[in-house]
Amino acid sequence: MSAAETEFGPRPGEETVDLPAAYDAGLYFVGRVRTPWTARADCPRNSAQSDAVCTLEVDPRFAPALRELSGTTHLIVLYWMDRAPRNLVAQQPRHAPAPRGTFALRSPARPNPIAVSVVELLGIDGASLRVRGLDCLDGTPLLDIKPYFASTDARPQARVGWREADAASEAELSAGAGGRAGP
């Protein structure tokens, strides 16, 4: 059992699968993410909960790819959650009453532990980018950086079914707990 499997799970109710013997594709890490967090317990639960300034250290060979990035306010950052387990297909979130499928969650534990965050670009110094809005451990491999286009990337009408169901259940519980006075 790997260190990731013992540190990250599985919890009661979770399901694992045997992974394929070989990978289907290769990729290049284009750099490393520098954050203040060295332990999973210290990381924010998601990037929206973080206002820490972090650094994207781009490998010098990929520095030319940063051309024309200045003046951009937000970026989409893809990173490889290299310390997460890869064999969980159903997970038990701490806040949920029952397990959920991995593809219904934003958990780093997944067959391909690719994470995505929209970050605010604070500054560029050579091949280093100062950003705000990450939720990963220090040293996490960087996969890609893309400009965020509000005109094409924002989807205000997007919904997550279980989240809406959870919110409705919480509203019902709150209304029931308040009780009503008699007729």
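Reader: What makes a residue such as R83 count as partly exposed in this predicted model?

Author: Partly exposed denotes a relative accessible area between the buried class, under 20%, and the exposed class, over 50%. The model is predicted, and R83 has a relative accessibility of 31%, so R83 counts as partly exposed. Its salt-bridge partner D82 stands at 37% and therefore belongs to the partly exposed class.

Reader: Why is the pair D82 and R83 called a salt bridge?

Author: The criterion is a side-chain nitrogen of Lys or Arg within 4 Å of a carboxyl oxygen of Asp or Glu.

Reader: What makes the salt bridge of R34 and D138 a tie between separate parts of the sequence?

Author: The side chains of R34 and D138 meet at 3.4 Å, N to O. R34 lies in strand β2 and D138 in the loop between β8 and β9, so the pair ties together parts that are 104 residues apart in sequence. R34 and D138 are also linked with E57 in a network of salt bridges.

Technical notes: Residues are numbered from 1 along each chain as its sequence is written. This is a predicted model: local features need pLDDT of at least 70, side-chain atom pairs count only at pLDDT 80 or more; totals for chains, interfaces and linings use all residues. Side-chain values use heavy atoms; hydrogens and water are left out. Helices (H or I, at least four residues) and strands (E, at least two) are DSSP runs, numbered from the N terminus. Buried means under 20% relative accessible area, exposed over 50%, partly exposed in between (1.4 Å probe, protein chains only).
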